[in-house]
Every structure is written in C-alpha cells, then in structure tokens.
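Q: I'd like a close look at one part of this protein, please. Could you walk me through it?

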Amino acid sequence: EILDPDDADYASEESFAMSANIERALERFNILGVDIKSPSEVLDYLYRYPEIVELAQYAADLVVKHFGRDLKLSLDMYQDPEAPIERLTLYARLSSYDKNTIKIIKQIRNDYYQSFPITKGRFLLTTDFRVLR
C-alpha cells in the first residue's frame, strides 16, 4: 500500500520520529530491567511530553552507572492527591543504603537538570528506601 502524504491519516515525520524515540527508550528500559508500573499512563505521559523520554533514559543509565546492576528500577506516574500535579518518577531500589545514597541521587538529579535544563512535563529520580529482595 502506498500512503499519500496529503492524506490526513498519513503520520508526520515528526510524529514518527517521536514514536521511534519512545520505542527505543522502552527497549533501553527493558534492557536495564526497569519495571513500568502503569504502562498506559507512562506512555501517555511520554507522548504528551516527549522531552522527558531522553531525560528518563539518561537518568536510568546514570543510576546503573553509579549503583551498578544490583538494584531494581521502576518507572511510574505520581499524582499528587492534593494538587493537579503529575510527574513521571523513576524509583531506584537498592540492596543496601548508606549515607551516600541520597547524595548520589541528588548528584544524578543535578546532572540531568544541567543536561536537560528546559523540559515540559515533570520527572523525578528518587528511592523509596525499601531493600531489594
């Protein structure tokens, strides 16, 4: 089938590139073992705020670089119960925590804030301090 570029159903190159970028990020998250808690909500957010895709992938890569593979990453949407604020949140669960854990997480946050200074949407890397089992 040949698609007519003037047809309303024909996807724009920008839309196609965005979809491909999100698919690559999902593949990378899969390789890193990232558990996506609410896949449809996460995908919806990534399509609404495509700038977050590279930021989240960059943050996940930095977490693995700093903490190693002995961790569990999960990606989920956080909805503030008292305000209309939502954000994509990457949780890092480690096998053990020490006084440097939060320092490293803050260092990673600073790194991605500098690398991605202007983004629409919200993203946060954090931990829940639960021990990896």
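Which residue in S2 does Ile 36 stand opposite?

A: Ile 36 stands opposite Leu 75 in S2. This is a predicted model, in which local features need pLDDT of at least 70, side-chain atom pairs count only at pLDDT 80 or more, and totals for chains, interfaces and linings use all residues. Residues are numbered from 1 along each chain as its sequence is written, and side-chain values use heavy atoms, with hydrogens and water left out.

Now for the strands around that pair. Strand S1 (residues 35-36) pairs with S2 in the parallel sense over two bridges; two strands pair if DSSP finds at least two bridges between them. Helices (H or I, at least four residues) and strands (E, at least two) are DSSP runs, numbered from the N terminus. S2 and S3 run antiparallel, joined by nine bridges, and they form a hairpin with six residues between them. Within this pairing, Tyr 78 stands opposite Arg 87 in S3.

Leu 75 also leads us to Phe 123: the residues that Phe 123 touches include Leu 75, Arg 87, Leu 88, Leu 90 and Tyr 112, leaving aside residues up to four places away in sequence. Contact here means heavy atoms within 4.5 Å.

Phe 123 is also one of the residues touching the most other members of the largest nonpolar core, which has 33 residues. Such a core is a set of buried Ala, Val, Leu, Ile, Met, Phe, Trp, Tyr and Cys residues joined through side-chain atoms within 4.5 Å, where buried means under 20% relative accessible area (1.4 Å probe, protein chains only). H3 gives the most to this core, with nine residues.

Methods: Buried means under 20% relative accessible area, exposed over 50%, partly exposed in between (1.4 Å probe, protein chains only).
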